[in-house]
Amino acid sequence: RAVNAAEQGVRLGEANRIHAQRALEGYAQRRARLDQERLALGQPDQTLLAASRQSQVAAAAALEEQQRSLGEMQARLPDLEAQLRASRERMQTAHRTLTESRARRDALQQLQSRVQQNDKIGDWLARRGLAEAAPLWRAIQVEPGWETAIEAVLRERLAAVLAGQDMAAQALTDPPPTTFALALPDAGAAAGQTAAADSLRAKVRCDDPGWAAVLDEWLAGVAVADDLAVHVANAANANNATQDTNAAAGRSWVNRDGHLLSAHGLLLYVPEASTHGVIERQREIEELAATLTQRQQEEDTARELLGEGERVLADHQAQLAAGRSAVQDLQQRAHAAQVEALTLTQAQARFDERSAQIDRDLGEIVQGEENERIELMRAEEEALRFRGQLEAAQAHLNQVTEVQRSSDTALREARSQEQALA
């Protein structure tokens, strides 16, 4: 029984030794595979990874700066558009104002032309070469408020034109079809004295010496009066007493409404449609001429500002388009850099993860090999111990067997002697 137990112990120890050796061989094969896998992993280029990350950061920074610049340009766009609208409105207003002023001037000039060249007198003037002659009302400037007084005193003479002595003689033989006046200036006449402040002549300015002499005659003896009632009362007193010196000299007074008072009469004036308003219209035409020059300059300035605003807006829109294109390019570059960096980062992460797993597996192998070596040593020790027990048991068995064999031999010999004695 001891021998059987020892043999069984030897077989078990041998089996444990073989198992441990096979386990160690498995660990060695697994280690070799892991070493080969580590070599085959191929760690990503760290320089390339760092460069890709730097490129990603630089591309993101450039994109952010370009987007900021684009945002500023987009923020300026409404202001530029508003400025352009304001410039366009100023241009339209200036053009409309200029057009209205020009239309007003043209309408006034047309009215003045109708007064100057009506159907009745136009042909008569044309036959004498006076169709383009300027009438008196175009040569004078009247103090505002006294236009009607001038119309009342001058009446038909307000439309008079300058003519020579020969023309006057012809007119006597071939008079015009309607009342008309010819002014006969004295070419050699010297400049007259300054008109009295209260005279109607003082209310009229004329730069043409020929017309000035005519006006001196036609407006002579006419004074201005804001209130004719005062002079009416004075005239009555003068008639009841001694004749007034001025009245005796043929002096008369006219008020702003054109009513004309003399020593022996009062002419109540009603404006005539043919001449009424020509002086005011002529003054307005002259004022409009200066206004048109100013408004033309305003329109030109507004047009220049509009053109400049359009150019500025067009340039800004072109910059916006270029900025948007630059943003798109930078977005593509940033995306490409991000993808490259992400790819290399993921590859590095996979490498790190697998390397860590290999390290963990190798650690497990080291631990397993250590455990298996311990088991191998224990199995070898058990096998050695059981071999010793087996050898001892076999030696004891041999000894017992030899004793038993000697006992059996002695017993057989004793029986043989007993049979021989019997």
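The structure is a predicted model, in which local features need pLDDT of at least 70 and side-chain atom pairs count only at pLDDT 80 or more, whereas totals for chains, interfaces and linings use all residues. Residues are numbered from 1 along each chain as its sequence is written, and side-chain values use heavy atoms, without hydrogens and water.

On these terms, the protein carries 47 positive and 64 negative charges, whose mean positions lie 6 Å apart. Its C-alpha atoms fill a box of roughly 235 × 50 × 35 Å along the principal axes. Buried residues (under 20% relative accessible area, 1.4 Å probe, protein chains only) make up 31% of the 422 residues.

Turning to the interior, a nonpolar core is a set of buried Ala, Val, Leu, Ile, Met, Phe, Trp, Tyr and Cys residues joined through side-chain atoms within 4.5 Å. The largest such core has 28 residues, and those with the most contacts inside it are Ile-140, Ile-150, Leu-200 and Trp-211. With contact meaning heavy atoms within 4.5 Å, and neighbours within four places in sequence left aside, Ile-140 touches Ile-150, Leu-158, Val-204, Arg-205, Cys-206, Leu-215 and Ile-279. A second, separate core of 17 residues includes Leu-70, Met-91, Leu-306 and Ala-337. In soluble globular proteins, nonpolar side chains tend to be buried together.

Methods
Buried < 20%, exposed > 50% of the residue type's maximum accessible area, 1.4 Å probe, protein only. Lys, Arg positive; Asp, Glu negative; His and termini not counted. Charge placed at Lys NZ, Arg CZ, Asp CG, Glu CD.
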